[in-house]
Structure formats: C-alpha cells, structure tokens
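Me: I am new to this structure. Please take me through it in short steps.

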Amino acid sequence: MSSSENIYCYHCGRQHPSGEMRRIDTKGGKKWRCIKSIEATKKNSSQRDAFGKTVTMINKSENQARIKARLNAERLLATG
Ligand SMILES: [Zn+2]
C-alpha cells in the first residue's frame with residue numbers, strides 16, 4: 001500500500017487520504033476519523049458554549065433589570 005491510501009472515516013461514512021485521518025477512541029473501540037470533522041465538531045461545540053454563555057448573561061441581566069424595576073415600583077408604592 002502507498003502512503004496515499006484511503007481510510008474509511010466513520011464520521012463521514014466515506015474514505016479520506018490517510019494523512020487527513022486520526023485514530024480516536026470511541027465507545028465502540030478505536031476508529032478512524034478525519035481531522036476536518038474533528039475540528040468542525042470542536043468549533044461547533046465551542047460556538048455552542050459561547051452561545052450558551054451569552055444566553056445565560058442575557059438571562060441574568062434581564063432578571064436583574066426585572067428585579068430593579070420591581071424594587072423601584074415597590075419603592076414608589078411605599079412612598080406614594
Ligand atoms: Zn471524514
């Protein structure tokens with residue numbers, strides 16, 4: 001076999017050149033997966049993390065705004 005042999009990528013369901021492949025541990029044992037799909041998954045999960053953090057921050061600031069608004073209303077009622 002030459003160095004340009006193709007290896008089956010379990011993630012894509014097709015073969016890639018061996019130079020683009022990495023052997024990784026899965027629940028089902030060691031499998032070959034292409035670097036591209038590994039990087040894509042990493043990127044996706046970090047984007048998802050960033051998105052989740054942003055949503056959490058928005059939720060927090062919305063909560064704080066709501067709490068402040070309620071405190072203001074209660075203060076108005078108390079003094080009114
Ligand atoms: Zn692949």
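Me: In strand S2, which residue is the bridge partner of asparagine 6?
Reply: This is a predicted model. Strand S1 covers residues 6-9, and strand S2 covers residues 14-17. Asparagine 6 has its bridge partner in S2, and that partner is proline 17.

Me: How many bridges pair S1 with S2?
Reply: The two strands run antiparallel. Asparagine 6 of the pair bridges to proline 17. Cysteine 9 has arginine 14 as its partner in S2. In total, the number of bridges between S1 and S2 is 4.

Me: Which residue in the hairpin of S1 and S2 takes a positive phi?
Reply: The hairpin has 4 residues between its strands. A positive phi near 75 degrees occurs there, and the residue that takes it is glycine 13.

Me: Is arginine 22 buried, exposed or partly exposed?
Reply: Arginine 22 sits in strand S3, residues 21-26. A residue counts as buried with 20 or more other C-beta atoms within 10 Å, and as exposed with 12 or fewer. Arginine 22 has 13 such atoms, so its class is partly exposed.

Me: Which residues does arginine 22 touch, leaving out those up to four places away in sequence?
Reply: Along the chain, tryptophan 32 is 10 residues from arginine 22, yet their C-alpha atoms are 5.7 Å apart. With residues up to four places away set aside, arginine 22 touches Arg33, Ile35 and Ile38.

Me: How far does helix H1 reach from its first C-alpha to its last?
Reply: H1 takes in residues 35-79, which is 45 residues. At 1.5 Å a residue, the expected span is 66 Å. The helix comes close to that, with a reach of 65 Å.

Me: What radius of gyration does the protein chain have?
Reply: The C-alpha atoms fill a box of roughly 85 × 20 × 15 Å along the principal axes. A compact globule of 80 residues would have a radius of gyration near 12 Å. The protein chain has 26 Å.

Me: What pattern does the protein chain follow along the sequence?
Reply: The chain has 1 helix and 4 strands. Read along the sequence, the pattern is β-β-β-β-α.

Note on methods:
Residues numbered from 1 in each chain as written. Predicted model: local features only at pLDDT ≥ 70, side-chain atom pairs only at ≥ 80, totals over all residues. Contact = placed C-beta atoms within 7 Å. Expected span 1.5 Å × (residues − 1). Rg over C-alpha atoms; globule rule 2.2 N^0.38 Å. Pairing = 2+ DSSP bridges.
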